[in-house]
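User: I would like to go through some labels and ask what each one rests on. Please set each value against its cut-off.

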Amino acid sequence: PIVGAGAGAGRLLVQVNANDVASKGGDPAFLAVTLILPPALGEAGACALMSEIHRACEELGVAVAGGHTEFNDRYDHPVLMGAMIGTADRVLSARDVRPGDRLVVTKHLAIEGMSILAQDRPDLLGAALDPEELREVASWSGATSVLPEARELRDLARFLHDPTEGGFRGGVSEAERLAGWTFRTEADRVPLHPLTRRAAQALGFDPLCLIASGSLLAVLPPEALGEAGRRLDARGIPWAEVGEVTEEPFGGEVSTREELWGL
């Protein structure tokens, strides 16, 4: 579902669902869409939203295969839900994660959360960024797909994860719970854009707990790290090694803190 975004919500619906398929090692193929819309949006608004979804699907080679649309006066804002189906030669599972595996993050964290704030709450983010910087951050909405890096890493990785709600910390704790091992991460190695750091300092939020589609968390065996880096470098995809899987069984709780809702 997409419930926290306004502008660009249709494109985001496609990308985050495709990211989930990509993170399992697959290629997205079919999408079913459910739209529950406030009557004030009107037919023209519904058509514009569905056209945005259609264009985003075309870019990824995905077919809109069905769904449901309704206007409902119980809602003041659109509610979008997608179900994506894909194909894979090998389905990745956290059960394959082993102590000693390395953790890699692509691009930089909080891409999705920062772009949502720049598009929907420029009044808030404007306290930390000037208009040109706001436009730059808003453009990050075009970088929320992890399909390119997932395709490069899926034959090497033990496990891939798209850290969405709860950001990096939430994504790591979800992966720990699924794998059954504690992950050790180094906060100073986690990639953050300078504009994200500045906004976090000015507004007092933890950028590692801000919704983070656009960054891929990859768990790789140590011997695959070099090849993974070469592939990502060849595609011009930034990456950083940020930690490893320890021999300590995971006994904690999944982090549910999401900074977007408190801003």
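User: Why is the contact of Arg231 with Glu227 called a salt bridge?

Analyst: Their closest N and O atoms are 3.0 Å apart. A salt bridge needs a side-chain nitrogen of Lys or Arg within 4 Å of a carboxyl oxygen of Asp or Glu, so the label holds. Side chains of opposite charge can pair when their charged atoms come close. This is a predicted model: local features need pLDDT of at least 70 and side-chain atom pairs 80 or more, while totals for chains, interfaces and linings use all residues. Residues are numbered from 1 along each chain as its sequence is written, and side-chain values use heavy atoms, without hydrogens and water.

User: What makes Arg230 exposed or buried?

Analyst: Its relative accessibility is 53%. Buried means under 20% relative accessible area, exposed over 50%, and partly exposed in between (1.4 Å probe, protein chains only), so Arg230 is exposed. Glu227, at 29%, is partly exposed.

User: Which residue pairs with Asp123 in a salt bridge?

Analyst: Arg121 does, with closest N and O atoms 3.0 Å apart. Asp123 is exposed at 56%. Arg121 is partly exposed at 32%.

User: How many salt bridges does the structure hold?

Analyst: There are 18. Some form a network: Arg102, Arg184, Glu186, Arg189, Glu241 and Glu244 are linked.

User: How do you know where the buried residues of helix H8 lie around its axis?

Analyst: The buried residues of H8 (residues 194-203) are Leu195, Thr196, Ala199 and Ala200. They span an arc of only 135°, so they share the same side of H8. The arc is that of the directions from the helix axis to the C-beta atoms. The face turned away carries the exposed Pro194 and Gln201.

User: What covers the buried residues of H8?

Analyst: The cover includes helix H3 (111-120), helix H4 (122-125) and helix H5 (131-138). Contact means heavy atoms within 4.5 Å. Just after H8, Gly204 takes a positive phi of about 75°.

User: What makes S5 and S6 edge strands?

Analyst: The open sheet has 5 strands in the order S5-S7-S4-S8-S6, with antiparallel pairing. Strand S5 (159-161) and strand S6 (181-185) each pair on one side only. Neighbouring strands are turned by 25° against each other on average, direction ignored.

User: How do you know that S4 and S8 pair?

Analyst: Pairing takes at least two DSSP bridges between two strands. Strand S4 (residues 102-106) and strand S8 (residues 239-249) have 5, in the antiparallel sense. Angles run from 0 to 180 degrees between N-to-C directions, with axes as lines fitted to C-alpha atoms, for helices over the stretch in contact.

User: Which sense of pairing does S1 have with S2, and over how many bridges?

Analyst: S1 and strand S2 (residues 63-71) are parallel, over 8 bridges. Thr34 has His68 in S2 as its bridge partner. Strand S1 (residues 27-37) is also joined to strand S3 (residues 79-87) by 9 bridges, running antiparallel.

User: What handedness does the unit of S1, H2 and S2 have?

Analyst: S1, helix H2 (residues 42-60) and S2 make a right-handed β-α-β unit. A crossover is right-handed if, with the strands pointing away from the viewer, the path from the first strand over the helix to the second runs clockwise.

Note on methods: Helix = DSSP H or I, 4+ residues; strand = E, 2+ residues; numbered from the N terminus.
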